[in-house]
Amino acid sequence: MPRIRFDRVEKSFGRTLVLPPLDLTLEDGEFTVLVGPSGCGKSTTLRLVAGLETLSGGEIWFDDRAIGKLEPKDRDVAMVFQDYALYPHMNIARNMSFALRLARQPKARIDSEVRRVAEMLNIAHLLERKPAELSGGQRQRVAMGRAMVRDAGVFLFDEPLSNLDAKLRARMRTELAEMRDTIDKNMIYVTHDQIEAMTLGDRIVVMNEGTIQQQGTAEDLFANPVNRFVAGFIGSPAMNFLDGEITGDRVAGDGFDLLLPAPLARRAEAAAGRRVEVGIRPSHIVLDGGAPIDLRVVVSEYLGAQSVLVTRCGAAEMRAEIASEDRIPTGETRRFGILTDDIMLFDRETGARL
Amino acid sequence: MLANANRLTPYLFLAPAVAVMAVALLYPIGYMIWASFLDWNPSQRIGEADFVGLRNYVDLLGDAAFRESFWVTIRFAAIVVAFEMVLGVGLALLLDRELRGMTLLRTVFILPMMIAPIVVGLVWRYMYHPTVGTFNRVLDDLGLPSAPWLSDGDWAFASVVIADVWQWTPFIFILSLAALQSLPRSAIEAARIDGATGWQMIRHIKIPLMMPVLIVTALLRMIDAFKVLEVILVLTNGGPGLSTEILALRISRTASEFRELGYAAAMSNLLLILLLVLTLAMFGYTRLTEARTARLARAREIEVG
């Protein structure tokens with residue numbers, strides 16, 4: 001199980017630069033999630049590790065071994081693909097044993113390995129079937145099983161759950177989380193779904209436009225995002241942003257005027273007179289207490305115990321998460337409170353957090 | 001009453017088209033089948049020919065020249081299709097990569113297919129020419145004895161095979177390349193990660209996945225090879241002896257030189273039956289694959305449901 005280090009890794013397709021020099025170190029035995037919107041370079045990064053794309057510059061290290069020029073088969077990696085990539089002409093047992101058969105392992109060992117993994121994933125009864133005879137969830141398991149049989153040092157997952165329906169995805173997510181704890185491997189998992197990222201990752205790397213925005217634990221990213229992108233990407237429902245301006249220890253804009261708590265006011269001092277964005281998490285908007293703000297409730301989305309209120313503050317949209325038992329009528333303007341201790345300020349030009 | 005009328009309506013609308021198709025397609029075939037029961041020479045109108053029942057077919061069974069011709073045709077078709085498949089698929093596997101100049105190279109490779117067969121025959125006849133032909137001159141320059149390209153039976157058969165392989169390998173190539181490029185990309189990537197080397201990839205992944213296309217391609221090419229005429233007509237005109245006299249040539253000669261239209265029609269019908277069997281085999285294979293896919297899909301629904 002190597003430690004994986006990206007050293008000034010670059011990738012361009014023709015003239016399009018997809019990854020500007022990227023530095024990243026993934027510790028041994030860690031489950032790392034690369035997350036970001038589509039086109040952010042996360043899949044390319046994963047494919048560079050697998051060897052399915054060639055480096056345009058820099059080097060990738062597994063411990064002290066440079067692997068950038070090695071063929072995929074010489075890197076000791078296993079990969080689970082978004083579309084499962086099963087071999088349609090082979091039955092499940094042969095799909096799972098393909099790598100071992102190529103490596104000329106003894107037949108008895110191959111059979112027992114395939115059976116062991118198949119039982120672990122509850123697909124032992126499917127071994128004689130062809131992939132076309134399986135449901136999406138079953139194929140997903142087979143793809144996972146095929147990677148696990150390999151016993152490779154590094155596991156790569158390329159959006160493995162995104163072709164499943166919502167219910168199945170949630171179940172597989174839980175199973176993956178369980179599996180993560182039983183397999184002590186270096187795993188890299190790519191997804192665009194921040195919920196998957198937060199529930200699975202020991203470490204989450206948020207990417208946008210080819211660059212790493214921030215890395216850390218789920219709690220880190222949620223509580224201390226370094227910029228507006230991470231703040232807006234992590235958390236569900238997403239953080240609200242209001243355009244505002246700082247004057248003294250207050251920040252004000254269309255429909256609001258808030259007194260900043262002392263620590264934030266000190267940090268904002270340098271930005272006096274600058275245009276900022278005020279970030280407020282939906283859970284930090286309350287019905288009683290907090291700094292007063294008038295919001296017009298447009299829609300109420302009932303989610304069970306919680307409801308998400310879609311409201312307007314001036315022209316901007318604000319979402320508030322409240323307990324469903326506090327029935328709030330729609331179409332009316334009402335006074336809410338903002339927990340100003342938890343609001344964040346971002347430079348409107350650079351997106352950096354103040 | 002009304003329901004009945006409604007049921008018939010679609011057929012009424014289809015009737016004219018079906019009638020035209022029937023006349024255009026079936027009339028010539030019917031004509032040929034009728035002719036095969038006649039003792040008919042080109043100076044007679046068809047109505048004046050004597051009806052001889054199955055005599056033409058009975059005669060065919062005892063006709064050594066026809067049997068030879070039939071055998072030559074089968075041998076020719078089997079050999080050229082085998083060579084063309086191996087070469088065409090091989091070339092496609094070699095050229096299935098993104099390198100600069102590849103598009104041009106691929107275009108060059110399919111050029112022979114676009115030349116009229118009669119022209120191909122003429123060009124190759126010149127190259128095979130015993131004294132001024134390209135091949136013998138090259139052999140001569142190398143200090144080797146000349147070869148009897150078209151004047152010896154076995155050599156002539158090999159020569160027409162070479163010309164056909166040259167012209168039709170591109171057909172296999174272009175279809176195989178299309179099949180290769182539509183293979184699921186991620187399955188190939190998965191195999192790379194699983195450790196498949198170039199040859200293992202071809203043997204365990206690419207060829208098996210291409211198989212449905214390859215089988216249909218081979219059958220199409222086989223049907224075509226059974227009807228080959230022009231290249232051989234120009235190169236050897238069936239000779240020396242009967243060594244390259246394929247069926248199409250025998251049929252045309254029977255009709256025009258021997259002036260036995262009924263007998264020629266009977267030969268044509270036998271060829272037609274042979275090709276029909278091949279075509280049915282092709283459809284049968286396609287249907288089999290479809291049925292299997294459908295069965296798999298049903299099995300899956302049950303699993304999910």
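Domain bounds, as used below, come from an automatic or database domain assignment. Welcome to this predicted model, in which local features need pLDDT of at least 70 and side-chain atom pairs count only at pLDDT 80 or more, while totals for chains, interfaces and linings use all residues. Residues are numbered from 1 along each chain as its sequence is written, and chains are lettered from A and ligands numbered from 1 in the order in which they are written.

**View 1. The two domains of chain A.** Chain A splits into domain 1 (4–233) and domain 2 (240–347). Taken over C-alpha atoms, the centres of these two domains of chain A are 38 Å apart.

**View 2. Where the domains of chain A touch.** Here, four residues of domain 1 of chain A meet five residues of domain 2 of chain A; two residues are in contact if their C-beta atoms, placed from the backbone, lie within 7 Å. On the domain 1 side there are one nonpolar, two polar and one charged residues. Nonpolar covers Ala, Val, Leu, Ile, Met, Phe, Trp, Tyr, Cys and Pro; charged covers Asp, Glu, Lys and Arg; the others, Gly among them, are polar.

**View 3. Chain B against chain A.** This contact brings together 20 residues from chain B and 22 residues from chain A. On the chain B side, α8 (185–194), α9 (198–226) and α12 (261–304) each supply at least two residues, and α8(B) gives the largest share, seven residues. Helices (H or I, at least four residues) and strands (E, at least two) are DSSP runs, numbered from the N terminus. By class, this side of chain B has 11 nonpolar, four polar and five charged residues.

**View 4. An annotated span of chain B.** UniProt, in an unreviewed entry, lists residues 70–282 of chain B as "domain: ABC transmembrane type-1". Its positions are given in the numbering used here, feature names are shortened, and annotations may be inferred rather than shown by experiment. Residues 70–282 of chain B are 75% helix and 0% strand, with end C-alpha atoms 22 Å apart.
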